[in-house]
Amino acid sequence: MADQISLVSIITVCLNSASTIRDTIESVINQSYSNIEYIIVDGGSTDGTLQIVTDYNNKITHLISEKDNGISDAFNKGLRIAKGEFIQLLNADDVMPKDKIAKSVTKLKAHPECGFVFGDIILRSNTGEEKRIPGNADYRKSISRVMRRINHPTVLARKLLYEKYGLFNVRWKIAMDYEWHLRIDKGGEFGFYYPENVVVMSPLGVSNINTNAAIHEVRDISIMHGYPKLLANSYCFVRIVKNKIYSIFGLR
């Protein structure tokens with residue numbers, strides 16, 4: 001059984017997410033793990049998102065609703081007030097199975113040498129079709145040039161990592177998680193891959209819709225952290241070409 005003492009802070013950021021936010025909230029409040037602090041950071045929605053959120057006022061610990069400077073800034077607002085020993089970031093189109101937090105806490109406590117635990121993403125289309133995207137246990141071998149499937153929506157991290165290495169860099173609008181993981185990797189921190197730790201995700205997330213923009217950000221971030229510019233540009237070009245081919249032939 002998972003430890004029911006440690007506080008877990010779950011942070012959801014949203015903007016005009018009326019079509020998905022209810023399922024996200026329900027997946028949080030129905031977790032089998034009981035000691036949860038739930039923080040929602042809204043960017044100033046105008047589509048009815050806040051009306052849905054207020055239906056769950058008694059289940060939400062903190063609600064912030066104001067304009068922000070993108071997803072990074074929104075997550076940072078939540079992180080600054082989070083009190084949990086562990087942090088889970090959950091976008092407004094993500095859904096967690098009911099035992100997700102319990103399994104993540106149990107596994108992370110069993111591996112005190114690790115700063116975070118991550119797992120697999122299940123992409124679910126509007127028609128109900130599902131595609132499982134596994135995490136990469138060997139991500140550290142190539143993290144200097146690319147984000148190798150840490151599957152950020154599945155990550156449960158120790159709060160001390162944010163305290164020691166800082167919050168997200170608001171310069172980055174899509175690949176902010178990659179830059180953060182590069183920072184902590186340089187500090188010798190690493191994560192544990194646990195396939196049973198899953199999150200169900202819509203294929204309409206920012207990084208999925210703006211794939212090429214995400215690839216360019218990853219390139220710029222890798223260069224900023226010391227990866228050779230020529231190699232970074234070459235790798236970026238190859239990824240964009242592959243992405244185009246996959247798109248043409250329906251391979252993704």
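Because the model is predicted, local features were taken only at pLDDT of at least 70 and side-chain atom pairs only at pLDDT 80 or more, whereas totals for chains, interfaces and linings use all residues. Residues are numbered from 1 along each chain as its sequence is written, and side-chain values use heavy atoms, with hydrogens and water left out.

The protein chain contains nine helices and nine strands; these are DSSP runs, with helices being H or I of at least four residues and strands being E of at least two, numbered from the N terminus. The radius of gyration of the protein chain is 18 Å, which agrees with the value near 18 Å that a compact globule of 252 residues would have. This radius is taken over C-alpha atoms, and the globule rule is 2.2 Å times the number of residues to the power 0.38. Along the principal axes, the C-alpha atoms fill a box of roughly 55 × 40 × 35 Å.

Of the 252 residues, 50% are buried. Here, buried means under 20% relative accessible area, exposed means over 50%, and partly exposed lies in between (1.4 Å probe, protein chains only). The accessible surface amounts to about 12100 Å², and carbon and sulfur atoms contribute 54% of it; areas come from the Shrake-Rupley method with a 1.4 Å probe, and for residues only the protein chains shown count as cover. Among contacts (heavy atoms within 4.5 Å) with a separation of 6 or more, 76% join residues 24 or more positions apart.

In soluble globular proteins, nonpolar side chains tend to be buried together. A nonpolar core is defined as a set of buried Ala, Val, Leu, Ile, Met, Phe, Trp, Tyr and Cys residues joined through side-chain atoms within 4.5 Å. The largest such core in the model has 33 residues, of which I11, L89, F116, I150, Y162, F168 and Y178 touch the most other members. Two or more residues of this core are given by each of β1 (8-14), β2 (36-42), α3 (71-81), β4 (86-89), β6 (116-124), α5 (159-165), α6 (176-186) and α8 (211-224). The largest share, five residues, comes from α6. Apart from this core lies another, of 30 residues, which includes V53, Y56, F86 and V117.

Helix α6 is mostly covered, with 10 of its 11 residues buried. The buried set consists of M176, D177, Y178, E179, W180, H181, L182, R183, I184 and D185, and these residues pack against α3, β6, β8, α5 and α8. With neighbours within four places in sequence left aside, Y178 is in contact with I143, S144, R145, V146, M147, V218, I221 and S222. Helix α6 is followed by G188, which has a positive phi near 90°.

Helix α3 is likewise mostly covered, eight of its 11 residues being buried. These are S72, D73, A74, F75, N76, K77, G78 and L79. Their packing partners are β1, β2, β3 (62-65), β4, α5 and α6. Within α3, S72 has a relative accessible area of 1% and is therefore buried. Beyond residues up to four places away in sequence, S72 touches F168, N169, V170, W172 and M176.

N197 lies in strand β9 (residues 191-201) and, at 0% relative accessibility, counts as buried. N16 is placed in the loop between β1 and α1 (21-29); its phi is near 50°, a positive value in a residue other than glycine. N16 is partly exposed, with a relative accessible area of 38%. N151, in the loop between β7 (130-133) and β8 (156-158), also has a positive phi of about 50° although it is not a glycine. N151 is buried, its relative accessible area being 6%.

K109 belongs to helix α4 (residues 100-110) and counts as partly exposed at 33% relative accessibility. K109 and L63 are separated by 46 residues in sequence and by 29 Å in space, C-alpha to C-alpha.
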